[in-house]
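Trainee: Could we go through this one together? I have some quick questions.
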Amino acid sequence: MANARALDRVVSTSIEQSIQVETPGHVALGATIAAAIARSALTAALVTMGGLAASNVGAQPDVRVIDVHVHADPVADYGVTGSGPTPTICSDNVGITRLGWDPRAPFRFPASTCRGTRWPAPRTDADLLRETLATLGRHAARAVVMGEPDVVATWKAAAPDRVIPAVSFFRDSVDANGRPVLRDLAELRRLVREGRVAVFAEVGPQYAGMSPADPALDPYFALAEELDVPVGLHMGEGPPGGPNVQGYEHYRVALGNPLLLEPVLIRHPKLRLYVMHFGSPFVDDMIAMLFSYPQLYVDVAQNDWGFPRAHFLGQLRRLVDAGFAERILFGSDQMVWPQAIDLAIETIESAGFLTPQQKRDILHDNAVRFLRLNDRRASGHARAPSTSSRRT
Ligand SMILES: [Zn+2]
């Protein structure tokens, strides 16, 4: 797996510190993650799905949560073969200590402390789909589900009212030089036209060693702007160990700085973009961008369960105190651990500095406004994008 693939997906993302190699015999997580991004090529989807607008036909009035960051990945990508050890995540994000690495030894995915139990991944794709949809159902949640179009189509078919389909600008494969491969613009345009894609996400140039302002991406942002399709852009932590982790050699911390977005937003003023992981840990820079680009939103995915809770809540409080409680979207970054959705929601609910309305904003109402959904429940709260009246 030395030649990493185009790392646009979050599989990758900040695979949290709390994933651990639990036993000496456990497959090295670096390889596990690399496998996660070494996905098969796109195959033609046969299922015609409703797009964002169409998917709101029969919008659920009882939706309470919108998760703008759910992956539809094969569990095998995470090293789950049905016979080998299963990667686990920590059930608790309190009291995490990140352990170090003595470089005299070969690099291993850094372990961290976990004072909770450990959750294994489901063993099959069918289990992952069923358990994730069940979890979303318990929270009365809808979700932006990201992945290969054929896989996302399967999810959409299983829960038409719950799944908002998304695809990245990037393919999962890389070229002969190990560089990322972008999808054909015509393919993306067709997927949107057919209602099979409603959001472009998770776009992760940071994993490919690219700035979001890289000229190669400009036609894609132009397409999103033209089609009025929201874009979810990864800017944040990668796996603990960053470019030391096999499969993440191109990842760079500096390429997650939200200030890099400025030329993109200048060139595409009508682009609807949410910064996944809110540019963590560059919160001050993110605040600067939110202030000057009111069309910009952020999500809090992965950081809301995979990072030490006090640290995350401190970051969230900074964003809220700066006045951006109505620009924060809930996300889980569910990969192959559906329980992460529970922990992420519980973490938001635990934030004592948030008012009940701010929690509703983050968990639901802000996404209704940003994604232009029609959930009736939100109609009494969400405002048209062009208005700015304060809630009383
Ligand atoms: Zn991400």
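Trainee: Which residues does D299 touch, not counting residues up to four places away in sequence?
Mentor: This is a predicted model, in which local features need pLDDT of at least 70, side-chain atom pairs count only at pLDDT 80 or more, and totals for chains, interfaces and linings use all residues. Residues are numbered from 1 along each chain as its sequence is written. With that said, D299 touches V68, H69, Y274, M276, F278, L329 and G331, a contact being two C-beta atoms, placed from the backbone, within 7 Å.

Trainee: And is D299 buried or exposed?
Mentor: D299 is buried, since 32 other C-beta atoms lie within 10 Å; buried takes 20 or more such atoms, exposed 12 or fewer, and partly exposed is in between.

Trainee: Where does D299 sit?
Mentor: D299 is in strand 11, residues 297-299, where strands (E, at least two residues) and helices (H or I, at least four) are DSSP runs numbered from the N terminus.

Trainee: Switching to helix 9, which residues are buried there?
Mentor: F312, L313, Q315, L316, L319 and V320 are buried in helix 9. They cover an arc of only 155° around the axis, taken from the directions from the axis to the C-beta atoms, so they lie on the same side of helix 9.

Trainee: What's exposed on the other side?
Mentor: A310, G314 and D321 are exposed on the other side of helix 9.

Trainee: What covers the buried residues of helix 9?
Mentor: The cover includes helix 7 (283-292), helix 8 (303-306), strand 12 (328-329), helix 10 (339-349) and helix 11 (356-371).
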